[in-house]
Amino acid sequence: MEHQQPSAHDDAPAKITKILQVSGRAIPIEPLDAISVTGTDSSNGSELPATADTSSPPEALSAFVQAIEAARYPSTRLPSWWLAAAMKRFDRLCAYCGQDAGSAPDVDAVIPVMAGGPQRPDAAVLACKACRQGRRRRDLLLWKPNASPKLKAMRAALALDSWNHLSRDPADMKTSAKANDVINARWQQPRFHCHGALLPMGGFIGWRDAAQVPSAMQLRLVFEHNAWRLRQSINNTHRRNNTPAVFWVPTRQGALDALWDVIEHNGLVRRADLGDLASPVNEAQPDFSSDWAMPFPTVADLVRGRWRQNR
Ligand SMILES: [Zn+2]
C-alpha cells in the first residue's frame with residue numbers, strides 16, 4: 001500500500017499546493033491503490049465500485065500506454081554553431097552556476113525544446129556539464145527555484161514564444177493582451193508534461209514516467225475528478241525502466257474537465273494517438289471545449305490568427 005500525503009512532493013507545482021491549501025477542503029488521505037484492468041489477472045476486478053463504470057477498455061489502455069511510450073519529442077540537440085556564439089556571449093562562464101564552463105561546455109535551451117521552447121540561439125545559454133546533467137530536461141523553476149532574476153526573466157520572455165495552450169474560456173483569448181496574461185500566469189510556475197486521450201466513454205491522462213507525476217496533480221485527479229489510477233500488467237521484461245502512470249476518468253465530460261484542469265495547473269498536455277479508438281472531434285460544434293489538444297499555439301500564433309486557420 002502506498003500512501004500519498006498532499007503537497008509532500010518537492011516537485012509539486014507550488015500553485016497547485018496553494019490551491020489545495022486555500023480550498024479548505026478536507027483532502028482524504030487514502031491509499032491511491034492501483035487497480036489492474038489488463039492482463040489475465042482479473043481478481044482485482046471485484047475491487048471496482050459497483051456504482052461506477054471505472055473500467056477503461058483494456059485495448060484502449062494498452063494503446064494509450066504504447067502511444068505515450070512511443071511519443072517522440074523534438075530533438076534536443078541544438079545546432080553546434082550556437083556553442084561558439086554562446087562561449088563568446090557568456091565569456092566561457094556557465095549561465096547557471098557562474099563557474100568556468102569547463103572542458104565540456106555546451107548550449108542549453110532555457111525552456112527545453114521538448115517543452116516547446118523556441119529554437120533560437122538567444123533562447124539558449126552556455127552551461128557546464130555538471131549543470132546540464134543536474135538539470136536534465138526539467139523546467140528551470142523545478143530544477144533551480146532560486147535561479148537568478150536574469151534567468152527567470154529570460155524564461156518568462158521565451159515562454160511567450162513557446163508552445164502553450166489556449167484557455168477554455170474564449171473571453172481569455174479575445175485579444176493578444178489577454179492571451180499574454182494567461183500565458184504569463186501559467187509560466188510563473190514550473191510546467192510539467194503529460195499525455196491525454198479522449199474516448200467516447202471517458203479519457204486517459206498519463207505520464208510516461210510515474211516519477212514525473214506532480215503529487216498535487218495526482219490528488220486533484222483522484223479527488224476532484226474521480227480519476228482512477230490504472231496499473232498495466234507488466235509482462236514485458238524488456239520494457240524501459242520508466243513505469244508509466246495512467247489515470248482514467250470514467251466520463252467524457254469529466255475527462256475533458258480534468259484535461260483542462262491539468263492545463264490550467266501548468267500542464268502541457270500532448271494528445272496521444274489512439275487511432276480508431278479515439279473519438280473524433282465534433283466538427284459540427286467547434287468550440288473551445290475540444291481545443292485541449294491543439295498543437296500548443298504560441299502567443300505569436302494567436303496574434304497572427306494562425307491557431308484558427310489550423311483547425
Ligand atoms: Zn554550471
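Reply: The protein chain has 11 helices and eight strands. Helices (H or I, at least four residues) and strands (E, at least two) are DSSP runs, numbered from the N terminus. This is a predicted model: local features need pLDDT of at least 70, side-chain atom pairs count only at pLDDT 80 or more, and totals for chains, interfaces and linings use all residues. Residues are numbered from 1 along each chain as its sequence is written, and side-chain values use heavy atoms, with hydrogens and water left out.

Me: What makes the arrangement around the zinc ion tetrahedral?

Reply: The protein donors are Cys-94 (SG), Cys-97 (SG), Cys-128 (SG) and Cys-131 (SG), lying 2.3 Å from the zinc ion. Donors are N, O and S atoms within 2.8 Å of the metal (3.2 Å for Na, K and Ca); water is not among the atoms, so sites may look incomplete. Four donors count as tetrahedral if all angles lie between 85 and 135 degrees. Here the four donor atoms subtend angles of 103 to 115°, so the arrangement is tetrahedral.

Me: Why can Cys-97 and Cys-131 be said to tie parts together?

Reply: Cys-97 sits in the loop between helix H3 (81–89) and strand E2 (106–109), and Cys-131 in helix H4 (residues 129–135), so the pair ties together parts that are 34 residues apart in sequence.

Me: Why does Arg-229 count as buried?

Reply: Its relative accessible area is 18%, so Arg-229 is buried. Arg-229 lies in strand E6 (residues 228–231).

Me: How do you know that the buried residues of H7 line one face of the helix?

Reply: In helix H7 (residues 176–186), Ala-179, Val-182, Ile-183 and Arg-186 are buried. Seen down the axis of H7, they fall within an arc of 95°, so they line one face. The arc is that of the directions from the helix axis to the C-beta atoms. An α-helix has 3.6 residues a turn, so residues three or four places apart point the same way.

Me: Is Asn-266 buried or exposed, and why?

Reply: Asn-266 has a relative accessible area of 0%, so Asn-266 is buried. The residue is placed in the loop between helix H9 (252–264) and strand E8 (267–271).

Methods: Buried < 20%, exposed > 50% of the residue type's maximum accessible area, 1.4 Å probe, protein only. Tetrahedral: all angles 85-135°; square planar, octahedral: opposite > 155°, others 65-115°.
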